[in-house]
Amino acid sequence: MRISVIGCGYLGAVHAVSMAKLGHDVVGIDVDAARIGDLAAGRAPFFEPRLPELLAEALGSGRLAFSTDPADAAGAEVHFLCVGTPQRKGEYAADMRYVDAAVAGLAPHLAPGDVIAGKSTVPVGTAARLAEYLAHEAPGAVLAWNPEFLREGHAIQDTLSPDRLVYGLPEGPSGAAAAAVLDQAYAAPLAAGTPRLTMDYATAELVKTAANSFLATKISFINAMAEVCDASGADVTALADAIGMDERIGRSFLNAGVGFGGGCLPKDIRAFMARAGELGADQALTFLREVDAINMRRRSKVVEMTREVCGGSLLGKRVTILGAAFKPESDDVRDSPALSAAAQLQLQGATVTVTDPQALQNAKGRFPELSYEPATENALLGAHAVVLLTEWKEYRSLDPVSTGPLVADKNIIDGRNVLDPAAWRAAGWNYKGMGRP
Ligand code: UGA
């Protein structure tokens with residue numbers, strides 16, 4: 001099939017490469033000329049496992065091209081809309097300007113029968129609004145809403161073999177025709193048994209926001225339990241293991257620590273609350289305010305714990321932060337709990353050094369006032385407190401014995417509850433987990 005992908009950020013770049021991998025002829029389009037230049041030259045613009053190899057393979061096969069001109073989308077049978085919907089400055093609501101601009105730019109190049117498949121995370125009601133716009137501007141083209149559930153760090157695998165495919169469709173023959181076109185685009189995962197669910201636009205949009213809200217709620221639930229564990233001397237990790245064995249609950253997304261960040265969960269729950277307010281259903285989502293508040297408290301908690309192990313004051317103390325990315329296997333620092341805590345520690349008088357295997361470049365751009373050190377051993381030198389905030393494998397496997405002589409004071413705060421407290425304590429460290437005695 002001929003496919004266009006509009007927007008080559010995280011989602012779009014991965015989608016374009018994955019569609020080419022599935023055998024389609026793909027053009028990726030973005031207004032950012034530098035990004036398009038990088039992709040066309042085979043340089044992945046962000047860190048994502050397998051992306052560089054698959055990008056090179058797809059470019060080499062001749063099935064993948066990139067362009068800044070929306071006119072190059074003409075002739076594709078399906079156009080995947082993959083632009084960002086960030087949080088609006090000073091508000092909770094999503095900023096829809098990129099989605100609207102992408103659709104306006106694409107409309108003149110659409111032909112009757114073309115399918116536009118929206119993948120961006122949008123406020124419920126967006127697809128209906130865009131469909132109305134397209135009915136005037138590109139008669140005969142059909143809009144489908146096809147949300148994306150990929151996780152950074154697993155993006156290629158999640159795209160090539162997703163848990164499920166969701167199609168939000170208009171009623172009648174145009175909806176059935178759009179479903180048939182999407183089935184062709186996703187022929188390989190469908191043949192491999194991926195479940196495919198069809199529904200109306202609003203439900204498809206809500207599937208995405210509801211899924212991310214549920215995940216955020218699960219994390220904040222266990223972090224709330226961590227607060228109670230701290231108050232009562234219980235162990236949140238043992239608690240999570242035990243409740244997670246109930247298959248109705250499940251163990252995943254029950255890791256307590258410094259909380260969730262990234263370009264999706266935090267802004268998605270806020271945009272969801274804002275949209276529910278517009279719809280007069282704000283009461284239904286007031287609990288998400290609490291989910292957000294619990295999550296933000298985790299960052300302050302890490303700062304307080306660090307101050308405590310430093311003897312009550314951060315002034316003049318050297319603090320080493322292990323991890324800058326919002327999670328491992330990613331160089332994404334958007335709303336990273338690690339960087340947020342690092343910045344607060346620095347503001348309160350500590351001298352903070354941040355290390356991370358992939359995200360230092362992006363971190364420097366956001367917080368130029370912090371010190372950055374790529375080599376873990378150098379970053380640890382002379383530290384009065386070490387704070388693990390992103391659970392990269394190399395930090396999980398740090399050796400407490402050989403690490404000891406590098407630091408000034410053997411204080412370690414395990415902001416992801418991934419270290420073995422007994423081993424660290426046996427090596428003479430003052431170990432503090434989050435919600436662990
Ligand atoms: C999230 C969803 O998991 C994807 O399904 C969704 O497609 C994506 O958002 C999106 O909307 O595009 P992602 O942002 O890549 O994916 O990251 P997650 O793996 O969900 O992790 C989010 C944050 O939660 C990270 O900061 C992570 O460290 C934290 N987390 C996760 C916890 O604190 N505890 C856990 O148990 C799990």
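Mentor: Before we start, contact here means heavy atoms within 4.5 Å. Also, this is a predicted model.

Trainee: Got it. Which residues is Arg 43 in contact with, leaving aside neighbours within four places in sequence?

Mentor: Gly 37, Asp 38 and Leu 55, once those neighbours are set aside.

Trainee: And where is Arg 43?

Mentor: Arg 43 sits in the loop between α2 and α3. Its relative accessibility is 47%, so Arg 43 counts as partly exposed.

Trainee: How far apart are Arg 43 and Leu 288 in space?

Mentor: They are 38 Å apart, C-alpha to C-alpha. In sequence, 245 residues separate them.

Trainee: On to α3. Which of its residues are buried?

Mentor: Helix α3 covers residues 51-61, and its buried residues are Leu 51, Leu 54, Leu 55 and Ala 58. They span an arc of only 105° around the axis, so they lie on the same side of α3.

Trainee: Why would residues a few places apart point the same way?

Mentor: An α-helix has 3.6 residues a turn, so residues three or four places apart point the same way.

Trainee: What covers the buried residues of α3?

Mentor: The cover includes helices α1 (10-21), α2 (33-40) and α6 (155-160), plus strand β3 (64-67).

Trainee: Which residue follows α3?

Mentor: Gly 62, with a positive phi near 80°.

Trainee: Where do we find a positive phi in a residue other than glycine?

Mentor: Asp 335 is one of them, with phi near 45°. Asp 335 is in the loop between β9 (318-322) and α13 (337-347). Its relative accessible area is 25%, so Asp 335 is partly exposed. Asn 417 is not a glycine either, and its phi is positive, about 50°.

Trainee: Where does Asn 417 lie, and is it buried or exposed?

Mentor: Asn 417 lies in the loop between β13 (411-414) and α18 (421-426). With 11% relative accessibility, Asn 417 counts as buried.

Trainee: New topic. At what angle do α4 and α5 pack?

Mentor: About 25°, with the axes of α4 (residues 97-106) and α5 (residues 126-137) 11 Å apart. Angles under 35 degrees count as roughly parallel, so α4 is roughly parallel to α5.

Trainee: Which residues meet there?

Mentor: Val 99, Asp 100, Val 103 and Ala 104 in α4 meet Arg 129, Leu 130, Tyr 133 and Leu 134 in α5. By class, that contact has 6 nonpolar, no polar and 2 charged residues. The crossing of α4 and α5 is right-handed.

Trainee: And what of α9 with α12?

Mentor: Helix α9 (residues 201-232) packs on helix α12 (residues 286-309) at about 55°, and their axes are 9 Å apart. That angle makes α9 oblique to α12. Their crossing is left-handed.

Trainee: How many residues of each class are in the contact of α9 with α12?

Mentor: That contact has 7 nonpolar, 5 polar and 5 charged residues. Among them are Ser 213, Glu 227 and Asp 230 in α9, and Phe 287, Arg 297 and Lys 301 in α12.

Trainee: What does Cys 229 touch, not counting residues up to four places away in sequence?

Mentor: Ala 234, Asp 235, Val 236, Leu 239 and Gly 435. Met 434 is 205 residues from Cys 229 in sequence and 8.9 Å from it in space, C-alpha to C-alpha.

Definitions and conventions: Residues numbered from 1 in each chain as written. Predicted model: local features only at pLDDT ≥ 70, side-chain atom pairs only at ≥ 80, totals over all residues. Heavy atoms only, no water. Axes fitted to C-alpha atoms, helices over the stretch in contact; angles between N-to-C directions. Helix = DSSP H or I, 4+ residues; strand = E, 2+ residues; numbered from the N terminus. Parallel < 35°, antiparallel > 145°, perpendicular 65-115°, else oblique. Left-handed = near helix turned anticlockwise from the far one by under 90°. Nonpolar A, V, L, I, M, F, W, Y, C, P; charged D, E, K, R; others polar. Buried < 20%, exposed > 50% of the residue type's maximum accessible area, 1.4 Å probe, protein only. Arc of directions from axis to C-beta.
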